[in-house]
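Visitor: I would like to learn how to read helix packing and sheet pairing. Please take me through one example.

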Amino acid sequence: MGFFKRDHKAEERAETTDNQNTSPPVDDVLLSAMMGRSELTKAEAINIPAVKGCINFAAYTVSMLPIKLYKEVDGEVIEIKDDPRLRLLNDETGDTLDAVQFWRAMLEDYFLGRGAYAYKNMSLNTVKSIHYVDETFVSINMNTDPIFKDFNILVNGGTYRPDQFVKVLRNTKDGATGKSIIEENSLILSVAFNSLVFEENLVKKGGNKKGFLKSPKKLADEVMTKLKAAWRKLYSNNSDNVVILNEGMEFQEASNSSVEMQLNENKKTNSEEICNIFLFALNIIKGTATEKEYNNAFKMGIMPILRAIISALNKDLLLEREKGSLFFDFDTTEMLKGDMKTRYEAYEIGIRSGVLKIDEARYKENMKAFGIDWINVGLNATLYDTKTKQIYTPNTNKTQDMKFMKGGEDNEK
């Protein structure tokens, strides 16, 4: 096709396949048809409350955390605050979606689709905007070489190279498409969705069970027609209707009620199993999680997502010459902003141990800096100035230069 650039594999690259158009084996199709089962769609899966709740929790948590850009210089990490890519990732994407909506859409595709894709609108080496692309519009044109894997991305008939997109993929084996939870956990999701459909049918029928009528004698066609019409009205649930059965006619139930099927208990169990897929406790989406459950959900469920996003950004959003010195990362300290007491206690420990400066803590709270550049180096009353390299002892009102620590002259003042 001409777009693969490795000459020594040119012949093999000519053989490409489209993942979207790949059909399952005949045996699988026949088996699915015999069992009457089919994979849920994204629209059906998102209607399951547990799935919706878990995706919302993940998406809102990710959108709350600012993405920052850092540069490593001689072993020191410096934050870069004026890079235009930060505005695209945290505020305005340059698309019709803002950053919150962008990550919400990306994570829905990450969990329920083949992956999350965002197009980079470039002007020379500058990213002007980032555009979310619904994964249903994306096709992958993959080569057939299992070692030197390569692919093109097709969107609405247009062909694009992989480096033109930011790709956040779940459980991928080719770097082009991921596996959704629908594909990996189709049975439990199907059970949960069909339980909702069953409840809907019960509500539509006013709670009436399915069944059939038994008559000791053959009914005339006219009687059959009237009886069917009356029965249809009874199950329509739009008015108060009643069906009178003549002598000898009986109604035989052919289904169980929701109570008999223990539907509420099954729904709770199914919700717990679905939350386990996301590595969240059920109480997380119920809003009753303990601090331990919340911390576990963040560590086990959210952190892997953050890592997948950061890996994708460092791979697809940095220039080749920037890789190795620049890197993106999430500022997870924002997760403490909902709890002022915990947040301020963390600042206190950081300042007391010398990890944070007072102005750095105030910056995190969006407060004006005091202009204090001191850090606490212990001994309760010994301060070290990182700029002048001097030690100041307030209780003796003395300033000493660091040179005396090295055997030089004593510059005590």
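**Helix contact, then sheet**

Guide: Start with the contact: V51, K52, I55, N56, A58, A59, Y60, V62 and S63 of α4 meet V100, W103, R104, L107, E108, F111 and L112 of α6. Contact means heavy atoms within 4.5 Å. By class, this contact has 11 nonpolar, 2 polar and 3 charged residues. Ala, Val, Leu, Ile, Met, Phe, Trp, Tyr, Cys and Pro count as nonpolar; Asp, Glu, Lys and Arg as charged; the others, Gly among them, as polar.

This is a predicted model: local features need pLDDT of at least 70, side-chain atom pairs count only at pLDDT 80 or more, and totals for chains, interfaces and linings use all residues. Residues are numbered from 1 along each chain as its sequence is written, and side-chain values use heavy atoms, without hydrogens and water.

Visitor: At what angle do the axes of α4 and α6 cross?

Guide: Two packed helices are described by the angle and the distance between their axes. Here the axes of α4 (residues 49–64) and α6 (residues 99–112) cross at roughly 135° and come within 9 Å. That makes α4 oblique to α6. Angles under 35 degrees count as roughly parallel, over 145 as roughly antiparallel, 65 to 115 as roughly perpendicular, the rest as oblique.

Visitor: In what order do the 3 strands of the open sheet lie?

Guide: Strands of a sheet pair through backbone hydrogen bonds, either parallel or antiparallel. The order here is β3-β2-β12, with antiparallel pairing. Pairing requires at least two DSSP bridges between two strands. β3 (76–80) and β12 (326–330) are the edge strands.

Visitor: How many bridges join β2 to β12?

Guide: 5 bridges join β2 (residues 67–73) to β12. Y70 stands opposite F327 in β12.

Terms used:
Axes fitted to C-alpha atoms, helices over the stretch in contact; angles between N-to-C directions. Helix = DSSP H or I, 4+ residues; strand = E, 2+ residues; numbered from the N terminus.
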